Amino acid sequence: MLPAKRGVLSWILAVNYYFLLLNLGESRVAQEEADILEQIAVTMGATHWKFNGELCQIEAVRVTTDRPSWSETDVKCNCSIGNDTLCHIVAITLKGINLPGVLPPELVKLPYIQQVDFAYNYLSGSIPAEWSSTQLNSISVLVNRLSGEIPKELGNITSLTYINLEGNQFSGIIPPELGKLINLKTLILSSNQLEGELPTSLSGLVNLTDFRISDNNLSGPIPDFIQNWKQLAKLELHASGLEGPIPSGISLLNMLTDLRISDIDGPMQEFPPLINMTGLVILVLRNCNLSGEIPGYIWQLKTIQTFDVSFNKLVGMIPDDISARTTLKFVFLSGNMFSGNVPDSILKNGINVDLSYNNFTWQGPDQPACRQNTNYYINLYKSSSAVSTLRNILPCTEDLTCPRYGCSLHVNCGGNDFTVKENNRQLDYEGDAQVEGGSARYFRSNKYWGFSSTGDFMDDANDQNTRFIESTQSTNLSELYSGARASPLSLTYFRYCLENGNYNVSLHFAEIIFKDDRTYYNLGRRVFDIYIQEKLVWKDFNIEEEARGVKRPVIRRFNATVTNSVLEIRLYWGGKGTTRIPLRGHYGALISAISVDSTFKFCSNEDRKTVIIYVIVGVLAACITFFVLSILWWKGYLCRKRKRRDLNGVELQMVCFTLKQIKAATKNFDASNKIGEGGFGPVYKGQLHDGTLVAVKQLSSQSKQGNREFLNEISTISCLQHPNLVKLHGCCIEADQLLLVYEYLDNNSLAGALFEDSRLTLDWPTRFRICLGIAKGLAFLHEESSQKIVHRDIKATNVLLDGQLNPKISDFGLAKLNEEEKTHISTRVAGTIGYMAPEYALWGYLTDKADVYSFGVVLLETVSGKNNNNYMPSNNSICLLDWACNLQQSGSIEELIDQRLGSDINKQEVERIVKVALLCTSATPSLRPIMSEVVGMLEGRISIPDEIPEANTYSNDLRFKAMKDFHQERQKQKLTGSQTQNTMTIQTDMGSSSTSTTNLFDSVQFQDQTDT
């Protein structure tokens, strides 16, 4: 019977296929449209194209790269439209084939085209304005490298119901014209670089069912007008840049099934009113500054599967009656202040519950939450704060004590046990590859360490959570980097029973998911935050940027202090970065290995040693130390310590390198590795044993001033981490050597690129980005870091450029802490002529406005390509700043623009920067903006005051007194024929001080004698 049925079915299919061929044979695709389709394929970068017009079918399309198995190529035709007997193309899908070209303007020549899906390619350029005359109803360019502003002409395609621009590089504002798309149902703009506020015109999109705008740089509050989108089923706002509070009008969106809002700034607020959203399946309100209790109706929702309110300030208890338990799969309450017992009501088969970082009652081994071999996962790490430290991090454990205390930790995250040779010793890295991942996973090794993992990789259609370990087969990576542990939300590694003291923490990373090729795999962006000992040490860490490529190892070193025998390292995904590359659900933190070593004692592989070996080693070490010290004392070497009394303890505050390591890195300070010379001493390029490139600043042995700068630079920058600040890897204090080890930056200083013959060409977008980056770095120093810092020597020489020409502020040898309760600091003058604010140069009156002034000068230099000190205008102007003031007054500001830029400039941005520069260099400090306001002005979020000081007030301006003295002294030297060494003495009301105007990586222009 069964073979007969199969025969009948085959006959029916054959007949249907015959009639299909017959129909298409009678009505083939219009040849003109077939030709246009081929043009489209060529424009998009296809190297081979074959289309069958009779079947309306793509038979072959090739590019120069491999395509994934799930890629899709399809053309749909409609033979019942038009006034002819031909078939017409209505939809084109070229998805996942890595086309490297541009979006085709020729699309407008297809008169009946309705849908285009060009997702997952490598297309560049922007959306052609020509498309505005089509009748498209669906556009998807998901995951490409399209850039520029979203064309306002899209607002003319009123037939559009679907727009997906996610995963590109679109910038600028969201065009208000999109508000005219009254038929639009889906608008997805996530993972771009969009700025500004949501235009109010979007309030008219009353048919929206899906709105996503995560991972952007927007500003302003979440608008009230979202309550107009009554048909909305999905709203996603992860790290969009929009601020809270969540508007109460959200309660009107009773059709929502998927609500995701996370990582927003703003005031504290109560839990938003969601009582009308009875069909919610996914509810994420993470890191939204929520306080108070979770409303009871949330626990009664019948359809909810994912509930995430982690990292807020919520209080209260989990109720005993939870109707939603039948559908709940993921509950994330981490990082709040929930209290009470953990009830049975939350524990059901298949559920993942994370209660870490809370105030629950401590769960002992006999309580339900601590049951073993259950079919649910519950994470209780640090879920109770009212107990001892060890009990808190080791839940479900009774009578825990430390049998002994260690002083190191080496973990191969996501890998197997691995032994590596470092600094002539064998280090055993313990692997955790055999530990299953999980959305609420707590693991503890029997060697006094463990991890806590929180979060679900959403949208990956995988509730089994098997992707918490990633690996690669790359032959260029050691086993330490070929595997890694991933986390979709929060991942904490902890070491307990650790001796109290100071430690060097080395975190090992390698981006092993993305690729470095001409495919969409190249477009992924992973961003997360790093916390050590509950302190944020790196915001928006990007592995690929730090390693300067994929599948390349990079180590970032930090210092940490242990006071309670526990060290904690936490990685947090704050909603930034792409989430759909290479496929949906790929995002979050990724770490390859962790290495922790004490700075106060040598730590061997503790698990390999017995007590006897410890005793033997200790006795031998004591004998050898006594013998060596005796010899050194006999030969008189120990008296050198007197010269380093002011450096005692420095090596305990940060990562320390041995002199042997530094010599190996710099090839014994080989002259060929010397890349600069400053007031501090020479600077050498080096490469550490792990391949990390570094810049080593060597203190001149004759420089007492350098000792003070050395201490100041270490104490200032060792605790600072920001994308626009140069990174200090560590130091070396050994014998008579004082060395600072910085990250190496390929492109030297901004001054070199602007003022010297350089291989670098800084176009206008790059210059604007550099200006904005410096502003953000200064805003961090002045307003955002835990220690408010005044740099005191901001100038183009002290701005370094990395491989992507991103700016990083360097040289903190003159920096000062800015005590918030003091209006200013009175201090000896230290800085560079031409960059110092007048109140500081003349009277030593120091506030953060001194840096603002210096930044204004740097802005003018960046626009003009001219050095403020060395450029002498042909008119009566003293310097570049004086000239710029006069040009602004006369309305001739275009004369200031660097001629090397040609016509390829954005005049609005130039005018904006010059106005900001003149505002920053106001003679009166109170008229200068603070740096966060400067950032807002440069980004266009804050308007620039129209009132700029008039030029006729400049002739006797105190700002130019030092410059006049400088030029007069220089002229006097020329007349007397003295041999200049670019040094001079400036007499001020605060005393005299010496300056050097030649530097690289390091410049100390005035000696700071005594600070008060």
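Good morning. I begin with Y357, which lies in the loop between β23 (352-354) and β24 (359-360); helices here are DSSP runs of H or I with at least four residues, strands are runs of E with at least two, and both are numbered from the N terminus. The model is a predicted one, in which local features need pLDDT of at least 70 and side-chain atom pairs count only at pLDDT 80 or more, while totals for chains, interfaces and linings use all residues. Residues are numbered from 1 along each chain as its sequence is written, and side-chain values use heavy atoms, with hydrogens and water left out.

Y357 has a positive phi of about 55°, although it is not a glycine. Is this residue buried or exposed? Y357 is buried, because its relative accessible area is 16% and buried means under 20%, with exposed meaning over 50% and partly exposed in between, for a 1.4 Å probe and protein chains only. Y357 also belongs to an aromatic cluster, together with Y381, Y442, Y448, F494 and Y496. Rings of Phe, Tyr and Trp (its six-membered ring) pair if their centres lie within 6.5 Å; planes under 30 degrees apart are stacked, over 60 edge-to-face, and the rest tilted.

A second residue with this backbone feature is D215, whose phi is near 55°, again positive in a residue other than glycine. D215 is found in the loop between β12 (210-212) and β13 (217-218). With a relative accessible area of 6%, D215 is buried.

The protein chain has 16 helices and 53 strands. Of its 1012 residues, 57% count as buried. Among contacts with a separation of 6 or more, 62% come from residues 24 or more positions apart, where contact means heavy atoms within 4.5 Å.

I return to the aromatic rings. How many aromatic pairs does a search of the whole structure find? The search finds 31. One of them joins F451 and Y493, a tilted pair at 5.6 Å centre to centre and with 50° between the planes. This pair links distant parts of the chain, with F451 in strand β30 (residues 449-454) and Y493 in strand β33 (residues 490-495), 42 residues apart. Both partners are buried: F451 has a relative accessible area of 0%, and Y493 one of 2%.

R391 lies over the face of W362, at 4.0 Å from the ring centre. The charged end of R570 sits over the ring of Y531, 4.5 Å from its centre. The criterion is that NZ of Lys or CZ of Arg is within 6 Å of the ring centre and within 35 degrees of the ring normal.

Next, the loops. L103 is found in the loop between β4 (88-95) and β5 (115-117). What is the accessibility of L103? It is 2%, and L103 therefore counts as buried. Leaving aside residues up to four places away in sequence, L103 touches T43, F118, L123, S124, S126, I127, P128, W131, V141 and L146. L103 and A41 are 62 residues apart in sequence, yet their C-alpha atoms are 9.6 Å apart in space.

L55, in turn, is found in the loop between β1 (48-52) and β2 (57-62). At 26% relative accessibility, L55 counts as partly exposed. Between L55 and C87 there are 9.9 Å from C-alpha to C-alpha, at a sequence separation of 32 residues.

Two peptide bonds deserve mention. The bond from G244 to P245 is cis, with omega near 5°, and P245 lies in the loop between β14 (234-238) and β15 (258-262). The bond from I581 to P582 is also cis, with omega near 5°; P582 lies in the loop between β38 (567-572) and β39 (589-591).

I close with a pair of helices. The axes of α10 (residues 764-784) and α14 (residues 907-920) come within 11 Å and cross at roughly 30°. On the α10 side, W764, F768 and C771 meet E909, V910, R912 and I913 of α14. By class, this contact has five nonpolar, no polar and two charged residues.

Thank you for your attention.

Note on methods:
Axes are lines fitted to C-alpha atoms, for helices over the stretch in contact, and angles run from 0 to 180 degrees between N-to-C directions. Ala, Val, Leu, Ile, Met, Phe, Trp, Tyr, Cys and Pro count as nonpolar, Asp, Glu, Lys and Arg as charged, and the others, Gly among them, as polar.
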